[in-house]
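Hello,

Here is the structure I promised to pass on. My notes follow below it.

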Amino acid sequence: MRFVDEFRDAELGRALAGQILATVEPGRHYKVMEVCGGHTHSIYKYGIDDLLPANVELVHGPGCPVCVIPMGRVDDGIALATRPGVIFTCFGDMMRVPGSEGTFLDAKARGADVRMVYSPLDALRIAKENPEREVIFFAIGFETTAPSTALTLKRAKAEGVANFSCVCNHVTIVPPLRALLESPDLRLDGFIGPGHVSTVVGARPFGFIPADYGRPVVIAGFEPLDVLQAIQMILRQIADGRCEVENQYRRVVPYEGNLRALEVMAEVFELRPHFEWRGLGFISQSALRLSDAYADLDAEQRFGVPGVRIADPKACQCGEVLKGVIKPWECKVFGTACTPEHAIGTCMVSPEGACAAYYNYGRFAREREVV
Amino acid sequence: MSAGSAPDAVTGREQRILDIIETARSKRPRFKDAQITMAHGAGGKATQTLIEGLLVPAFGSSTLASLGDAGVVTIAGAALALTTDSFVVKPIRFPGGSIGELAVNGTVNDLAVSGARPVAMSLSLVLEEGLAAQELAAEVEAIAGAARTAGIEVISGDTKVVERGRCDSMYVSTTGLGQLDPRAALSPQGLRPGDRILVSGPVGNHGTAIMLARGELGLEAEVSSDTCSLWPAVDALLGAAGADLHCMRDATRGGVASVLNELARASGVAVVVREADVPLDPAVAGAAELLGIDPMYIANEGKLVAFVAPEAAGTALAALRAVPGCEQASEIGEVKTEPPGMVLVETGFGGRRVMDQLVGDPLPRIC
């Protein structure tokens, strides 16, 4: 991976960290949300928050598509997976997300034929290799992964693969951001915009954040220098009194997005009236389902899923944690009913979620001393 | 409630929560799961719960409870190390080796890192109905060859055949017997602040080779398993450092990260790893990057991690590098005092993070 090393140069990182320190007002506290789970991963992997001044705090956003799938959807998936003759396929990190009766891994241990795939096309291949079995793909992800699901469905339809179908859990990034921004107790000063999603949707959809809510957005790539530079650009906007969408990831993200991907998505999907997000509740027009032309390939319609809604436990305060209103340890169930081994909310499900990270590393983060 | 409105009270409450977590973590794990899942076999937290919560308490052996790679028993003044292992790899042949070589080397290595010279082993084969005789003969030859190379004698064995579908081609179980080397003074509790951490070569090759050999990824890369006997490396380290060699582990299931976490906990010390100093083959680094898996959690079958007192570290590293196959051995970090039980990584980018125990299998990330 030599071609990305230039974006991981520690020397340049230190220089950017110096610029950030020079940009912040001492005594003022800054909260910046990274929207995308991919950014959270980079921040964690490279220890980026370690390079920031103490008064710049990163808040992990709702952009982990695996962690926002509510318990009821997992239960529906498990109900499908345990039907006789079904081969159920999903991405690896989806397999550990708990429903009310355990995870897909648990269902597999109980005898369901659950297989991990790396792309929806792998699921389609399995369907072609097993014509006597029903093969279901549990599709998840933001606009980043939705085009590949759409293309797979198009191909399945064109080739007439009758034993393939899809549970569509694709979600869209703008509605949950708007929901967060609508909150009167929001305490965020700016947003690191999602790089991968933006390669599909472009920069334009994020214009409402500065326009309607007065917060700067910088769309960023995923290398550590990208993330540091985006933070510096957000803080610069605040210092200059500017508020706009900037594109740090110009080498990949065109302003208009990927029109072909948007076209195929528009053909295969349509907006759901509303969709439930783990920890955030129902958000209207925040997810996709298959369009009428693709109804034959919709596993929810083909098999009829229970569609039971499992309410998030009342005490779970993921929404407040995501908005930066409370710290993980201020949540009523943190560390008692909700732990990494038995996660309730989205922030604890992913090992990089705010609560899981605090549970595992909080002691170190407080002390920050290695002797 | 709002952070910062009453700083003292908030700090007190946060401290209480941290204390609750600490108490929960330091408790002996209890095995409460309703059924066995693949996570129990992955070498992370679930495996630890199974071993420390169910198995260790059942047998009441203090030797077992010390959770070494081999148990030591003294018979008529002779200190002997005993280890046992099962091998269930799929596919049974992969670039760089096969299940037969794994079985011998895995057994030899558990003895070697316990400071014991491998002497003899048993071999138990569980064969699936329909297995081609040619495949079996190839594995038997692989076992014989690996045993010759490692200098261990197969002195007893057993065979069973199960119906088609009841096992995957073949499973191999072994028991290894070794003679404790008088130069060895090793213990999982032996890590001391200041100790240097050595690794005997590039990490993550075996697990990556297996993942690629399954052909599910559609990736093509030249990665071979690193399966080999570690006794020559151990012999060199014992010769160079003697009692200054405080502990060794072979970094199999769960990778180097799991070994470091187990030992940091067992010794009550902090372990700091310099990520940039960890040797890594470019093909392994590339595959791991694509899959979103940290190579430090990927299995090895011929790599050891050693903890050496600082004054002996240079000599030990030089001796290790002189062993064929260990040319890329490196010093990757240091043992510290605080925070005890934790493994920290200084990233190549200049930040720091915690390298935690694995919760389940390392699963490829999508986001």
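Chain B splits into domain 1 (67-180) and domain 2 (196-354); domain bounds come from an automatic or database domain assignment. The model is predicted: local features need pLDDT of at least 70, side-chain atom pairs count only at pLDDT 80 or more, and totals for chains, interfaces and linings use all residues. Residues are numbered from 1 along each chain as its sequence is written, while chains are lettered from A and ligands numbered from 1 in the order in which they are written.

The centres of domain 1 and domain 2 of chain B, taken over C-alpha atoms, are 23 Å apart. Their contact takes 21 residues from domain 1 of chain B and 22 residues from domain 2 of chain B. (Two residues are in contact if their C-beta atoms, placed from the backbone, lie within 7 Å.) On the domain 1 side, helix 4 (99-112), strand 5 (116-128) and helix 5 (133-150) of chain B each supply at least two residues. Helices (H or I, at least four residues) and strands (E, at least two) are DSSP runs, numbered from the N terminus. Helix 4 of chain B gives the largest share, eight residues. That side of domain 1 of chain B holds 10 nonpolar, seven polar and four charged residues. (Ala, Val, Leu, Ile, Met, Phe, Trp, Tyr, Cys and Pro count as nonpolar, Asp, Glu, Lys and Arg as charged, and the others, Gly among them, as polar.)

Next, a helix pair in chain B. The axes of helix 6 (residues 205-213) and helix 9 (residues 282-291) of chain B come within 10 Å and cross at roughly 60°. (Axes are lines fitted to C-alpha atoms, for helices over the stretch in contact, and angles run from 0 to 180 degrees between N-to-C directions.) Helix 6 of chain B is therefore oblique to helix 9 of chain B. (Angles under 35 degrees count as roughly parallel, over 145 as roughly antiparallel, 65 to 115 as roughly perpendicular and the rest as oblique.) Asn205(B), Thr208(B) and Leu212(B) of helix 6 meet Val284(B), Ala287(B) and Ala288(B) of helix 9. Four of these contact residues are nonpolar, two are polar and none is charged.

Chain A has domain 1 (2-66 + 186-243), domain 2 (71-173 + 257-304) and domain 3 (318-364). The contact takes 12 residues from domain 1 of chain A and 17 residues from domain 2 of chain A. Helix 8 of chain A gives the largest share of the domain 1 side, five residues.

Regards
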